[in-house]
Amino acid sequence: RESDHRAWTPVTYTVTRQNATIQGLIQGKAYFFRIAAENIIGMGPFTETTKEILIRDPITVPDRPEDLEVKAVTKNSVTLTWNPPKYNGGSDITMYVLESRLIGKDKFHKVTKEKMLDRKFTVEGLKEGDTYEFRVSACNIVGQGKPSFCTKPITCKDEIAPPTLDLDFRDKLIVRVGEAFSLTGRYSGKPAPKVTWLKDDIVVKEDDRIKIKTTPTTLCLGIVKSVREDTGRYCVTVENSTGSRKGFCQVHVVDRPSPPVGPVIFDEVFKDHMVVSWKPPLDDGGSEITNYIIEKKDTHKDLWMPVTSATVKTTCKIPKLLEGREYQIRIYAENLYGISDPLISDEMKAKDRFRVPDAPEQPIIKDVTKDSAVVVWNKPYDGGKPITNYIVEKKETMATRWVKATKDPIFPGTKFKVPDLLEGCQYEFRVSAENEIGVGDPSPPSKPIFARDPIAKPSPPVNPEAVDKTKNSVDLSWQPPRHDGNGKIIGYLIEFQKVGDEEWKQANLTADSCPETNYKVTGLTEGLTYKFRVKAVNAAGESDPAHVPDPVEVKDRLEPPELILDANMAREQHVKAGDTLRLSAVIKGVPFPKVTWKKEDHEVSPKADIEVTGVGSKLEIRNTVHEDGGMYSLTVENPAGSKTVSVKVVVLDKPGPPRNLNVSDVRSDSCYLTWMEPEDDGGSVITNYVVERKDVASAQWVAISSSSKKRSHLAKYLMEGTQYLFRVAAENQYGRGPYVETLKPIKAIDPLHPPGPPKNLHHVDVDKTEVSLVWNRPDRDGGAEITGYLVEYQEDGADEWTKFQTVPMLDCVVTGL
């Protein structure tokens, strides 16, 4: 019966042996069994199993593991993998045991750790060059099963395998702008190769759009939202120590073209059609331009009309235009991937553009003789119609009317020999072009030429010589050439050569910079010796050189300074204040002397302008003041000596203020003023003094004397008791100087004196301690009312008087005696 049921189920009734096989049991279920013996009499009692029996296959050790493989070999390790046995013996695998045997030995040695269930293991610590074989066994609860079949003998050494590369992309890849693309593949190699991506020989770096993914066996370069700049030759390199492999792919990221390049050029414009041209797009989108689409629009309308959409040229005829209307042209470029944005032209009016020819450029005159000249010009723009004739005109320079050089047509040549010129006259020439529309404007006049036979080069200058020299220059002089070659001498070229050198150097670059027969060669080096030569130049060219006979040593020619005084450098120079002082002298000397101006042996005032030229010097002071007067000296000095001249400069001006104004002898109606002459009389004799007074209560000064030459004055007619201020100024022929003023007011009052002595002093009464005194008024009061009388007493025989008191009246009682 099943362990969870109570009912028993008969299995057989015909068992005569002491064992039986029971069929039809369900695996995984538990059963109880019982058995009874039976004879002819009947069935005996049952005997029952004591515990339930679980139905399952019998447990054995596992089968041998399968597919033992070597995955990697290095010089000191081996990596192996295997699969589980087909049958685990009826119990779960608890671990695997991996064993190794050194070839030449008999025994296998266990190499795995305890309880290893992984089916991959790296055996480490092996000896390089040794050869091993391996086997693996599986274990379950029962025990260790049979070992697997042994591996082939494995020698410990680094595995080397050259890289392999298997790509998933072709040599070329075309991608639309904005789309994503990827380049993928597989690779292998031992040691593990390094993978590098290049674009046009530049390493590709990852960014927001570019992703690079590399696994041990696969490689991938992916680009999202591609742009035109992603176009290029991509290269993947797989490289290890044994070699490298490369894969290439030319990626074209294509798009519609950029617009054609403007501006639109109107090559021809007529009343009913135009011919326009343009330049191809800067970017064809990665695909050849298949055609251009050209449209036109009347500017008075909004409608664009097709002209053509099937041209690959960059020029097009625009037909069917209305005369006088303005048109715009727009042009698209098209390739396999789309149509560009348009290029739109400026507005252009449909009308014939034929006109008379342009004016030729300024003609050139050649081969001049005394009666002819050849005029040469360039062909101008013909105005749209072919040129049929040129008109050459001539004019004397001073005349106003142009005359045709010939009545015959001149064509197609662009030069003409003008005959019948008058010898010695100066001429100008001009050219006009003519087509069927008419005669165009004339060219600018040619440069003037004289009608005379060609000139030859002049003969050399005559008798060149060095006439002067300094430490860095030499003055040359010569005479004109004997023959001027029938041409005016333009000037002279001067050349110099350091003795010992081969090269001649030019002192002047152009002949017209030396039109005279003398020249100063500058910039020479002191102490060196030079040769000199001179060439004459006319319109035909340079003459042969004429040499200065002897070399010249460059050094200063010493001449002591010399001063030639101008009139303003006489012994004394007078100048009116406010005017300009000018002192000047001519200076000579070689080398030119150093010039020094001084005043009283000091530097001259900064307001003085000093000018030194190659022939003299000038000192100038504008708006002179009295202080600018003094002794001025001019010193000139060079190594040969020095010379000094002096001039006394007097600046004539108004005098200064008088000194020490003093007031004395003040009375009630007058006072006496005295003063001293000014320190500075302004360079001119003082002619008179001006004396003025002012009541302190008044703002007005009143003159009391203006012609006095004395240095004193009695001021009369003062009002008694009034306070006055006085001032004095000096005058000379150049004006009145500043005033000097009294420091404090002067009051007009008579001077005071002490009163006279009282008269007739006597006593009128005497007591033992006091005396009564009386007296009379004095004869004079001293110019002021008497205010009191001072009473004093003296003991007989004593020396000192003792003050008693001051009394106002003519009597007093002296007490305390």
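## Surface patches

Patches are made of residues with over 30% relative accessible area and no salt bridge, with like charges joined within 9 Å and nonpolar side chains (Val, Leu, Ile, Met, Phe, Trp, Tyr) within 5 Å. This is a predicted model, in which local features need pLDDT of at least 70 and side-chain atom pairs count only at pLDDT 80 or more, while totals for chains, interfaces and linings use all residues. Residues are numbered from 1 along each chain as its sequence is written, and side-chain values use heavy atoms, with hydrogens and water left out.

A patch of negative charge on the surface gathers Asp371, Asp420, Glu423 and Asp453; Asp and Glu count as negative, and the place of a charge is CG of Asp or CD of Glu. Asp453 lies in the loop between β36 (449–450) and β37 (462–469). Asp453 counts as partly exposed because its relative accessibility is 39% (buried is under 20% relative accessible area, exposed over 50%, partly exposed in between, with a 1.4 Å probe and protein chains only). Ile59, Val61, Ile141 and Val142 make a nonpolar surface patch of about 330 Å². Within the loop between β10 (131–139) and β11 (154–155) lies Ile141, which is exposed at 67% relative accessibility.

## Salt bridges

The structure holds 29 salt bridges (a side-chain nitrogen of Lys or Arg within 4 Å of a carboxyl oxygen of Asp or Glu). One of them joins Arg330 and Glu295, at 2.5 Å from N to O. This pair links distant parts of the chain, with Arg330 in strand β26 (residues 326–335) and Glu295 in strand β23 (residues 291–298), 35 residues apart. Strands are DSSP runs (E, at least two residues), numbered from the N terminus. Both Arg330 and Glu295 are buried.

Arg533 and Glu495 also meet in a salt bridge of 2.5 Å, N to O. Arg533 belongs to strand β42 (residues 529–538) and Glu495 to strand β39 (residues 491–498), 38 residues apart. Arg533 is buried at 15% relative accessible area, and Glu495 is buried at 9%. A network of salt bridges links Glu495, Arg533, Lys535 and Glu542.

## Aromatic pairs

The whole structure contains 14 aromatic pairs (ring centres of Phe, Tyr and Trp, the last by its six-membered ring, within 6.5 Å; planes under 30 degrees apart are stacked, over 60 edge-to-face, the rest tilted). Trp82 and Tyr96 form an edge-to-face pair, 5.9 Å centre to centre with 65° between the planes. Trp82 is in strand β6 (residues 77–83) and Tyr96 in strand β7 (residues 95–102), 14 residues apart. Trp82 is buried, with a relative accessible area of 3%. Elsewhere, ring pairs link Trp377, Tyr390 and Phe411 into a cluster.

How values were computed. Areas by Shrake-Rupley, 256 points an atom, 1.4 Å probe, with all protein chains shown as cover. Helix = DSSP H or I, 4+ residues; strand = E, 2+ residues; numbered from the N terminus.
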